[in-house]
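Thanks for passing this one along. Here are a few notes to read with the coordinates open.

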Amino acid sequence: MQQVECLRRLFKQGAESGKHCPWVAAGLPVALALLLSLPVPPLAADEGVLGSAEFASEAGESRAPEPAPRAAKPSAEPIEQQVKPRAAQDKPFEILGQSIAPGSREPVTWPVSINSIQFQVPVVVAHGGRQGPVMCITAALHGDELNGIEIARQVIYGLEPDTLAGTLVVVPIVNMEGFMKQERYMADRRDLNRFFPGDPKGVTPARYAHGLFQRVILKCDALIDLHTGSYYRTNLPQLRADLTDERVARMVSLFGGMTVLHSQGSRGMLRNAAVEEGIPAVTMEIGGPLSLEPEAVEYGVKAIKTFFGELGMTRSFRFWSTPQPVFYESEWVLADHSGILLAEVELGEKVLEGEVIAQVINPVTNSSQQVLAPYSGTVLGMAVNQFVSPGYVIFRIGKQRTEDEMRAEALRDSQAEDSTDRALDRLVDSEEELP
């Protein structure tokens with residue numbers, strides 16, 4: 001029991017609280033391993049979790065099956081109109097078989113079974129003392145994305161349930177398998193964020209996604225999905241969202257001055273599946289993988305507090321006085337040569353067409369190749385300095401154009417062949433496989 005209490009303090013209060021627990025010195029994954037070793041109640045057959053049945057897809061399949069067309073939920077009122085700050089909450093919030101009383105914050109668990117191995121995924125719920133929307137925050141769909149875990153912790157434990165208008169449901173570590181191994185993907189090497197809304201008879205990540213989506217996501221009115229860059233790349237703090245959806249665009253506008261990148265995402269992504277069900281959702285990209293970056297975390301927490309304040313769920317925060325930068329277009333910059341990458345610009349920096357933004361140096365011949373900005377824009381994502389090969393994505397540059405300008409250009413280019421970056425987008429079929 002002493003170990004369990006230490007672990008609870010670790011998540012509530014941060015790493016500093018673990019100094020009194022000698023076994024925590026080995027790291028958070030070890031601590032969570034002990035949590036996962038605790039007894040788990042038997043699972044009902046219809047809970048939508050993973051079982052030992054045969055996979056519906058071939059072992060080599062890495063993509064979710066094409067989902068059957070589903071009718072979207074009826075359009076609900078904007079989430080900011082659901083807040084009723086004068087009305088007291090009089091009913092408990094029911095989730096995962098547990099009841100959370102108004103004005104309280106409680107940890108609950110989502111029981112999961114993978115091939116007869118049972119464990120618990122932690123979920124923390126703050127059920128406000130006042131009526132309002134049900135918000136959801138998910139983090140670590142990719143197990144190496146640590147910044148989101150800390151943002152989620154600071155947000156859920158930084159508010160007062162008594163004065164909260166609405167309910168906040170936080171799943172700080174969705175991909176527990178990947179997190180325990182400090183790896184991006186699940187144990188079968190598949191990307192969990194390509195299998196939503198899931199399939200109870202599909203491959204392992206499809207079953208996992210189905211359980212989370214049915215038992216947690218569908219209970220919520222809006223979703224913030226926290227991510228970082230992938231594989232030695234880092235991202236400027238930004239929201240990625242489908243701005244053609246009016247409810248999503250309205251949600252995005254409430255985050256203060258945080259940079260926004262218009263992105264329709266890819267099939268099987270959590271936020272896409274949520275939007276299809278009538279739940280407005282955004283992806284928040286913060287920093288890079290496998291590291292905890294305090295400044296990036298602080299920025300993400302500030303943005304979410306601003307969002308809650310603008311909704312009226314919490315006391316209003318006014319962190320930003322500058323307009324919100326919105327990018328309706330971005331393009332990739334690829335390496336043309338092999339060598340050591342040495343960037344000469346930083347995240348968020350504005351660059352001009354033809355400007356030198358990096359050098360690629362051959363460590364054997366000492367020859368150097370300049371990387372030039374192919375267009376003017378803002379650096380939204382970039383690779384860390386490392387060895388690169390031709391074709392490696394090293395920068396993502398956003399072009400700050402209006403939606404009207406983009407539509408006009410699309411009409412002019414409608415008969416033209418796809419550009420190189422669009423072909424690349426199709427090849428990776430992802431906004432997260434690359435920065």
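1. Let me start with a question: over the face of which residue does R233 lie? The ring belongs to Y392, and R233 is placed 4.3 Å from the ring centre. Please keep in mind throughout that this is a predicted model.

2. Now to rings with rings. Searching the whole structure turns up five aromatic pairs. One of them joins W110 and Y208 edge-to-face, with 5.0 Å from centre to centre and 70 degrees between the planes. W110 belongs to strand β4 (residues 104-114) and Y208 to helix α5 (residues 204-215), so this pair ties together parts of the chain 98 residues apart in sequence. Both W110 and Y208 are buried.

3. Helix α5 also takes part in another pair, through F213. The partner is F196, and the two rings are tilted: their centres are 6.5 Å apart and their planes make an angle of 50 degrees. Because F196 is in the loop between α4 (176-181) and α5, while F213 is in α5 itself, the parts tied together are 17 residues apart in sequence. F196 has 4% relative accessibility and therefore counts as buried; F213, at 1%, counts as buried too.

4. On to helix packing. Two packed helices are described by the angle between their axes and the distance between the axes. For helix α3 (residues 146-156) and helix α8 (residues 294-311), the axes come within 9 Å and cross at roughly 45 degrees. That angle is why α3 is described as oblique to α8. As for handedness, the crossing of α3 and α8 is right-handed.

5. An α-helix has 3.6 residues a turn, so residues three or four places apart point the same way.

6. Finally, how much of α3 is covered? Most of the helix is, with nine of its 11 residues buried.

Technical notes: Residues are numbered from 1 along each chain as its sequence is written. This is a predicted model: local features need pLDDT of at least 70, side-chain atom pairs count only at pLDDT 80 or more; totals for chains, interfaces and linings use all residues. Side-chain values use heavy atoms; hydrogens and water are left out. Rings of Phe, Tyr and Trp (its six-membered ring) pair if their centres lie within 6.5 Å; planes under 30 degrees apart count as stacked, over 60 as edge-to-face and the rest as tilted. Helices (H or I, at least four residues) and strands (E, at least two) are DSSP runs, numbered from the N terminus. Buried means under 20% relative accessible area, exposed over 50%, partly exposed in between (1.4 Å probe, protein chains only). A charge sits over a ring if NZ of Lys or CZ of Arg is within 6 Å of the ring centre and within 35 degrees of the ring normal. Axes are lines fitted to C-alpha atoms, for helices over the stretch in contact, and angles run from 0 to 180 degrees between N-to-C directions. Angles under 35 degrees count as roughly parallel, over 145 as roughly antiparallel, 65 to 115 as roughly perpendicular and the rest as oblique. A crossing is left-handed if the near helix is turned anticlockwise from the far one by less than a right angle, and right-handed if clockwise.
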